[in-house]
Amino acid sequence: MKRVLITGGAGFLGSHLCDRFIKEGYHVIAMDNLITGDIRNIEHLFHLPNFEFYHHDVSKFIHVAGELDYILHFASPASPIDYLKIPIQTLKVGSLGIHNCLGLARVKGARVLIASTSEIYGDPTVHPQPEEYWGNVNPIGPRGVYDEAKRFQEAITMAYHTYHGLETRIVRIFNTYGPRMRLNDGRVLPAFIGQALRGEDLTVFGDGSQTRAFCYVDDLVEGIYRLLLSDYAYPVNIGNPSEITIKEFGEEIIKLTGTTQKLVLKDLPVDDPKQRQPDITKAKAILDWEPKVSRAEGLRITYEYFKSLPEEELYKAAYHREFLKN
Ligand SMILES: NC(=O)c1ccc[n+]([C@@H]2O[C@H](COP(=O)([O-])OP(=O)(O)OC[C@H]3O[C@@H](n4cnc5c(N)ncnc54)[C@H](O)[C@@H]3O)[C@@H](O)[C@H]2O)c1
């Protein structure tokens, strides 16, 4: 049985990856300090003999007993509301955290895949963004803590590949959505659905003409799985190129939820990217991958998930359990 360590395993994407690797017959070790994750995302796996959970901070020394074939580094605050509140932890997990994972990978002879992001392109001047684009990031702007952590993470991963011959993979993830997102994490999709469910107006930042492209989580997981098993060590964009303005997206959510509320405009946050669309030519050519789930279908499943949550979840504020400790 192959053994995989998934850091950030109790988070939105990490928990879906745990499910996928369990389904593929792996022994899965999820490591998470629960700073933005939720144990409920993986509690359905706890009874399995081939699943383990380590409650641990990846930015501190990490050790896993026994062999490891793969390490997927997904631990990191991921939504602006999180990394603006916990900037130091964000920088640490993108630097010390990946350094620990790479060291462990060397000891175990494991292959490492890191979760990078479309945010490394910053506010892009090239559209759509191919992997060759170097990005337009403000290192000292509020979002710099996330973007630069992820850029450093790519750099150190590539250095371990080049200088130590470590097997590495880099996925640049574009906006992804699906069940187990948190309603209060500040990302536009749960924010809109949460507002609709609470009977509030839907808040659009700016004039709503900025674009995003949303990928359903099952499509993303398939792309990551294929990349891990491929022999390609350079970054690969995984995302859904179907682009939509935030205003149109808000209108789709109003239609989906049947809410009688309307869109209201607020000031655009600093450094908010105006356009975001993946160029997935490489993923198609190298991984024979492209998204399969339409936005209508993905949104329907996600809405059903949010509707099924207990009512108090609708009114919870964002939380960071270890916020004050670090
Ligand atoms: N969701 C997206 O659209 C998206 C887009 C681009 C990149 N990503 C990347 O994918 C990864 C997962 O994102 P997500 O959306 O699932 O976010 P998430 O917040 O749901 O999951 C992140 C998980 O990492 C854990 N974590 C954070 N710091 C940790 C630490 N020091 N030690 C151990 N665990 C720690 C959190 O508790 C959480 O469970 C992140 O690296 C993120 O940057 C996500």
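**The ligand and its surroundings**

Author: An oxygen atom of the ligand is 3.5 Å from a polar backbone atom of Leu34, a polar contact here being a pair of N or O atoms within 3.5 Å; within protein, one must be able to donate a hydrogen and the other to accept it, and residues adjacent in sequence count only if both atoms are side-chain atoms. The model is predicted, with local features needing pLDDT of at least 70 and side-chain atom pairs pLDDT 80 or more, whereas totals for chains, interfaces and linings use all residues. Residues are numbered from 1 along each chain as its sequence is written, and side-chain values use heavy atoms, leaving out hydrogens and water.

A backbone N or O atom of Leu13 lies 2.8 Å from an oxygen atom of the ligand, and an N or O atom in the side chain of Lys150 is 2.8 Å from a ligand oxygen atom. The protein covers 97% of the 820 Å² of accessible area that the ligand has on its own (Shrake-Rupley method, 1.4 Å probe). Helix H1 (12-23), strand S5 (111-117) and helix H4 (144-164) are the elements that give two or more residues to the shell; helices (H or I, at least four residues) and strands (E, at least two) are DSSP runs, numbered from the N terminus. S5 gives the largest share, three residues. In total, 30 residues surround the ligand, the closest being Leu13, Asp32, Thr36, Tyr146 and Lys150, where a residue is near if one of its heavy atoms lies within 4 Å. They divide into 13 nonpolar, 12 polar and five charged residues, with Tyr, Cys and Pro among those counted as nonpolar and Gly as polar.

Turning to the fold, S5 belongs to an open sheet of seven strands in the order S3-S2-S1-S4-S5-S6-S11, with parallel pairing; two strands pair if DSSP finds at least two bridges between them. Its edge strands, each pairing on one side only, are S3 (51-55) and S11 (236-238). Neighbouring strands are turned by 20 degrees against each other on average, direction ignored. Six bridges join S5 to the parallel strand S6 (168-173), and Thr117 has Ile173 as its bridge partner in S6.

H1 lies across S1 (3-7), S2 (27-32), S3, S4 (70-73) and S6, running at about 170 degrees to S1; contact means heavy atoms within 4.5 Å, and angles run from 0 to 180 degrees between N-to-C directions of axes fitted to C-alpha atoms, for helices over the stretch in contact. Between S5 and H4, the loop holds Pro128, and the peptide bond from His127 to Pro128 is cis, with omega near -10 degrees.
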